[in-house]
Amino acid sequence: MHRFHEPLIFALAASFAAYGADAVKVGAALSMTGPAAVYGTAQKNGIQAAVEDVNKGGSLKSVRLEAVFDDDGSKKEQGINVFQKFINQTRASVIIGPTLSTTATAADPIAQQSKVPVLAISNTAPTGITDIGDYIWRDSLTEGQVIPGAVKKARARLGFKTAGVLYGNDDVFTKAGYDVMKKALDNEGVQILETQTFAKPDRDFNAQLTALKSKNPDILVISALADNAASIVTQARQLGYTGPVLGGNGFNSPAFIKNAGSAAEGVLVGTAWNSSSQDPANQAFLKSMRDRGISPDQFTAQAYAGVLIIAEAIKQAGMKGSREDIKAGFAKVRDLPTPLGKFSFTPARDALHEPSVQQVKGGKFEILQ
Amino acid sequence: MGQQAINGIFLGSIYALFAVGYTLVFGVLDIINLAHQAVFMLGAFFALVLVGTLHVSIAVALPIAVLFSGALGILLDRIAFRPLRGRADSNLAGLITSIAVATLFEAIALQLFGPDTSRFPFGTFPERRLQVGAAVVSTLQLGIVAISVVLMVILTYLLRRTRLGRQIRAVAESPRAARILGIDVDRVIAASFFISSALGGAAGVLFALAFNSLSPDVGRSVELKGLAVIILGGMGSVPGAVLAGFAIGLIEVFTVAYLGSSYRDAVSFAVLFSVLLIRPRGLLGRAALREA
């Protein structure tokens with residue numbers, strides 16, 4: 001009896017080993033619950049679709065990608081747990097995520113210590129992410145990259161010469177956004193006529209907006225979180241301000257349009273993804289999403305691009321998918337066609353591609369051509 | 001200038017409406033009701049449910065929400081204040097139970113509505129802009145100021161001219177004397193809570209309409225401001241609260257416009273401080289002798 005079975009068991013074990021070597025595990029730590037759940041869901045869709053598309057496309061020959069999802073709960077502690085699980089139990093070759101910058105600052109150092117490469121797909125804090133170490137990479141543009149591009153494009157289009165600036169001075173994110181905006185406006189030679197501030201708990205912005213409006217600026221530039229952003233824009237319109245408004249990344253949310261309603265019309269926001277790009281890589285992405293009945297946003301596109309970048313890294317490493325191979329492969333990614341455009345990494349392992357500007361039209365974000 | 005004055009009067013009218021209810025309960029009971037801000041918030045949410053989910057017109061929803069807030073006030077009196085009445089330390093104990101009720105109300109709102117900002121549907125209040133010289137006033141702003149003023153006039157009339165008003169004033173003067181004169185003190189106190197909370201709820205609805213944002217912690221932003229208003233106006237003085245409400249609204253707006261938003265509260269409280277130095281009983285407060 002034994003003699004008959006031994007070869008069979010051998011063959012089975014061999015095929016398992018072969019399969020195991022070829023399935024590259026991608027751990028995705030995403031915010032499926034908690035305040036960032038909207039983003040996490042969009043990201044999961046993007047990763048799932050991209051893994052299927054890459055495996056079907058056969059560009060990796062015998063290597064297969066396998067996505068493993070877990071919920072970081074929009075929280076630091078849970079993010080750390082998920083990372084530890086991916087590193088020690090799942091034995092993932094690469095980790096995608098976590099969704100929020102704050103969670104990344106807590107979880108990424110663990111991956112760095114264990115020498116597991118991480119690809120961030122939505123962390124936009126300018127500092128404190130990729131500076132954690134040489135295993136941390138990202139495909140999401142930072143505030144510091146999106147806003148100057150947005151200011152430049154919006155100025156080329158609208159030709160404004162003067163601006164009024166309003167920002168939240170009690171929040172790290174909105175203050176950092178303001179610093180970038182001020183620098184971008186200065187670089188473009190736009191004169192800032194008046195700067196006003198507010199605090200997160202404020203609900204009444206009439207005083208600030210009246211002061212700004214009285215200087216007659218060509219454009220209002222605002223750095224605020226989505227909640228405040230909606231109130232600010234609504235109150236500006238109520239005060240009779242009819243000019244253009246340019247917002248920071250806090251505006252880049254459907255919640256902003258929902259709460260500001262018709263007041264949101266015409267508001268300009270920088271974005272990392274040009275949804276109407278005719279680029280073949282973007283068209284392929286859009287088709288893939290249409291086939292699955294998903295309406296994609298910037299977060300879906302960045303997640304999808306993340307998987308393409310990992311696939312390219314494996315290819316660059318000679319169809320090998322170990323942790324070290326993928327890290328080495330990332331460094332060789334150059335001008336990779338993705339839904340975000342031609343993608344490369346900067347020497348500091350941050351994303352490098354062209355940002356776009358979108359404008360609210362008919363209750364939806366549309367790309368400003 | 002003109003526009004900022006309008007902004008100040010607009011904000012001040014809401015502060016004043018919030019504060020008259022606050023000061024009324026203080027005048028009657030000598031208790032600061034720190035749950036007033038939670039009633040303010042729940043009143044606004046109640047109107048939001050009526051308008052947003054049940055598609056009731058705001059003209060109907062506002063009075064219903066005001067009655068609902070008034071009823072909350074009676075409930076508040078029953079659970080937080082009445083059981084403690086007559087105790088030697090009832091002022092302090094009442095202050096603390098009112099904080100507990102505020103926390104409870106906020107937690108309920110958090111469960112029901114979540115932490116995100118909600119808002120009234122668009123076009124809840126017919127909105128048109130009117131040009132006044134160089135300034136712009138919206139019909140919404142005019143409506144809010146008008147509703148606040150009307151409610152405050154009604155309150156003044158009620159306190160000065162009606163039987164209930166006389167009873168409330170009698171209880172404020174001396175609960176014991178009032179009881180000897182045959183006044184049902186508990187009923188009068190419940191009525192004061194009803195009126196106070198009804199006005200607080202009305203202020204909440206108007207605030208949410210005015211600034212397009214409503215969340216379970218919305219009351220916190222007016223709570224301290226309201227306290228400053230009633231101290232500035234003179235504790236327990238309704239006309240004082242009205243005057244101080246408009247004053248603080250105007251001060252805030254001009255501070256933000258000319259000094260920056262970081263000084264918003266600093267200037268309001270500095271004014272409060274200096275007024276108290278010169279006139280410890282507040283602008284229209286009665287001398288504290290009565291207490292002795």
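In this predicted model, strand β4 (residues 118-120) of chain A pairs with β5(A) in the parallel sense over three bridges, where two strands are said to pair if DSSP finds at least two bridges between them, and where helices (H or I, at least four residues) and strands (E, at least two) are DSSP runs numbered from the N terminus. Within this pairing, Ala120(A) stands opposite Arg138(A) in β5(A). Because the model is predicted, local features need pLDDT of at least 70 and side-chain atom pairs count only at pLDDT 80 or more, whereas totals for chains, interfaces and linings use all residues. Residues are numbered from 1 along each chain as its sequence is written, while chains are lettered from A and ligands numbered from 1 in the order in which they are written.

**The sheet of chain A**

- The order β2-β1-β3-β4-β5 (chain A) describes an open sheet of five strands with parallel pairing.
- At the edges stand β2 (64-71) and β5 (136-138) of chain A, each with a single partner strand, so one side of each is left without a neighbour in the sheet.
- Direction ignored, neighbouring strands of this sheet are turned by 25 degrees against each other on average, with axes being lines fitted to C-alpha atoms, for helices over the stretch in contact, and angles running from 0 to 180 degrees between N-to-C directions.
- Helix α11 (residues 298-316) of chain A packs on the sheet and touches β1 (23-30), β2, β3 (94-96) and β4 of chain A, and its direction makes about 145 degrees with that of β4(A); two residues are in contact if their C-beta atoms, placed from the backbone, lie within 7 Å.

**Loops and domains of chain A**

- Gly97(A) and Pro98(A) are joined by a cis peptide bond with an omega of about -15 degrees, and Pro98(A) has its place in the loop between β3 and α4 (101-113) of chain A.
- Lys61(A), although it is not a glycine, has a positive phi of about 55 degrees, and this residue lies in the loop between α2 (37-57) and β2 of chain A.
- Chain A is divided into domain 1 (8-141 + 277-354) and domain 2 (144-271), with bounds that come from an automatic or database domain assignment.
- The centres of domain 1 of chain A and domain 2 of chain A, taken over C-alpha atoms, are separated by 33 Å.
- Four residues of domain 1 of chain A are in contact with seven residues of domain 2 of chain A.
- The side of domain 1 of chain A that touches domain 2 of chain A has two nonpolar, two polar and no charged residues, where Ala, Val, Leu, Ile, Met, Phe, Trp, Tyr, Cys and Pro count as nonpolar, Asp, Glu, Lys and Arg as charged, and the others, Gly among them, as polar.

**Helices and hairpin of chain B**

- Helix α3 (residues 58-81) of chain B and helix α8 (residues 185-211) of chain B have axes that come within 7 Å and cross at roughly 135 degrees, which makes α3(B) oblique to α8(B); angles under 35 degrees count as roughly parallel, over 145 as roughly antiparallel, 65 to 115 as roughly perpendicular and the rest as oblique.
- The contact of α3(B) with α8(B) involves 15 nonpolar, seven polar and one charged residue.
- The helices α1(B) and α8(B) pack at an angle of about 165 degrees with their axes 8 Å apart, which makes α1(B) roughly antiparallel to α8(B).
- In the contact of α1(B) with α8(B), the residues divide into 17 nonpolar, five polar and no charged.
- The axes of helix α5 (residues 139-161) of chain B and helix α6 (residues 163-173) of chain B come within 5 Å and cross at roughly 75 degrees, and α5(B) and α6(B) are therefore roughly perpendicular to each other.
- Strand β1 (residues 129-132) of chain B and β2(B) run antiparallel and are joined by four bridges, with Val137(B) in β2(B) as the bridge partner of Leu130(B).
- Two residues lie between the strands in the hairpin of β1(B) and β2(B), where Gly133(B) takes a positive phi near 60 degrees.

**Where the chains meet**

- The contact takes 23 residues from chain A and 20 residues from chain B.
- On the side of chain B that touches chain A, α1 (2-29), β2 (135-138) and α10 (238-258) of chain B each supply at least two residues, and the largest share, four residues, comes from α1(B).
- The residues of that side of chain B divide into seven nonpolar, eleven polar and two charged.
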